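Have the structure open and follow along.

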Amino acid sequence: MATSWDNSYSLGIRVVDDQHKKLFEMIDAFYDQISKSSDIKPIIALVKGLKEYAKTHFSAEEMIMKKHDFPGFIAHKAKHDKFIEKAAEYEDKLMKGAILLPSEIVNFVKTWIVQHIKIEDRSYSMHMEKIDVKKNYL
Ligand SMILES: [Fe+2]
Ligand SMILES: [Fe+2]
């Protein structure tokens, strides 16, 4: 099941929305790869790529949240850290030759990201709306 971007995911913060779109594209590429081949090598590369890009994205969000004193910063960052930990764990297991279902990995990533955007990311976005700084990020 590919994930397509639609406006319900938009937070109205340009840099964040663009990064979320890119994450969705990476998830789509993951599903494409699974449907094409059962080769594990490209799967490892996809997990690694997603993990690295998620790090970049999380850092960007954390900078924005800190800059605007988002009160939920610590809890939000903890969720980011946990996701990276989990992705690193998948990568590690795959590299050690463990038999993991790529579809389980990508389903986890997709579900996590969708929920995270709709709940946690929306929450700091609403804070920014409240203090009226979103106009700086259009
Ligand atoms: Fe995000
Ligand atoms: Fe986030």
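## Where α1 meets α4

Start with the contact between α1 and α4: on the α1 side you'll find His20, Leu23, Ile27, Phe30, Tyr31 and Ile34, and facing them in α4 are Pro102, Ser103, Val106, Val109, Lys110, Ile113 and Ile117. Keep in mind that this is a predicted model.

Two packed helices are described by the angle between their axes and the distance between the axes. For α1 and α4, the angle is about 160 degrees and the axes sit 10 Å apart. Angles over 145 degrees count as roughly antiparallel, so α1 is roughly antiparallel to α4. The crossing of α1 past α4 is left-handed.

## The other partner of α1

α1 also packs against α2, with axes that come within 10 Å and cross at roughly 170 degrees. That pair is therefore roughly antiparallel as well.

From α1 come Val15, Val16, Gln19, Lys22, Leu23, Met26, Ala29, Phe30 and Gln33. They meet Pro42, Ile43, Leu46, Gly49, Leu50, Tyr53, Ala54, His57, Ala60 and Glu61 in α2. Leu23 and Phe30 turn up in this set and also among the α1 residues that meet α4.

## Stepping back to the whole chain

The C-alpha atoms fill a box of roughly 50 × 30 × 20 Å along the principal axes.

How much of the chain is buried? Buried residues come to 22% of the 138. Looking at contacts with a separation of 6 or more, 77% of them link residues 24 or more positions apart.

## The core

The largest nonpolar core has 17 residues, and those with the most contacts inside it are Ile27, Val47, Leu50, Ala87 and Val109. Each of α1 (14-36), α2 (40-67), α3 (73-95) and α4 (102-130) supplies at least two residues of this core.

Some of these names tie back to the helix pairs. Ile27 and Val109 both belong to the α1 and α4 contact, while Leu50 is one of the α2 residues that meet α1. Ala87, for its part, is in contact with Val47, Leu50, Lys51 and Ala54, leaving aside its neighbours within four places in sequence.

Leu11 is found in the segment before α1. Is Leu11 buried or exposed? With 20 other C-beta atoms within 10 Å, Leu11 is buried. Not counting residues up to four places away in sequence, Leu11 touches Val16, Asp17, Asp121, Arg122 and Ser125. Leu11 and Lys130 are 119 residues apart in sequence, yet 13 Å apart in space, C-alpha to C-alpha.

## Two aspartates with positive phi

Most residues other than glycine have a negative phi. Asp69, in the loop between α2 and α3, has a positive phi of about 45 degrees. Asp69 is exposed, with 9 other C-beta atoms within 10 Å.

Asp132 also has a positive phi, about 65 degrees, and lies in the segment after α4. With 8 C-beta neighbours inside 10 Å, Asp132 counts as exposed too.

Notes. Residues numbered from 1 in each chain as written. Chains lettered and ligands numbered in written order. Predicted model: local features only at pLDDT ≥ 70, side-chain atom pairs only at ≥ 80, totals over all residues. Core = buried A, V, L, I, M, F, W, Y, C linked by C-beta atoms within 7 Å. Buried ≥ 20, exposed ≤ 12 C-beta atoms within 10 Å, placed from the backbone. Helix = DSSP H or I, 4+ residues; strand = E, 2+ residues; numbered from the N terminus. Contact = placed C-beta atoms within 7 Å. Axes fitted to C-alpha atoms, helices over the stretch in contact; angles between N-to-C directions. Parallel < 35°, antiparallel > 145°, perpendicular 65-115°, else oblique. Left-handed = near helix turned anticlockwise from the far one by under 90°.
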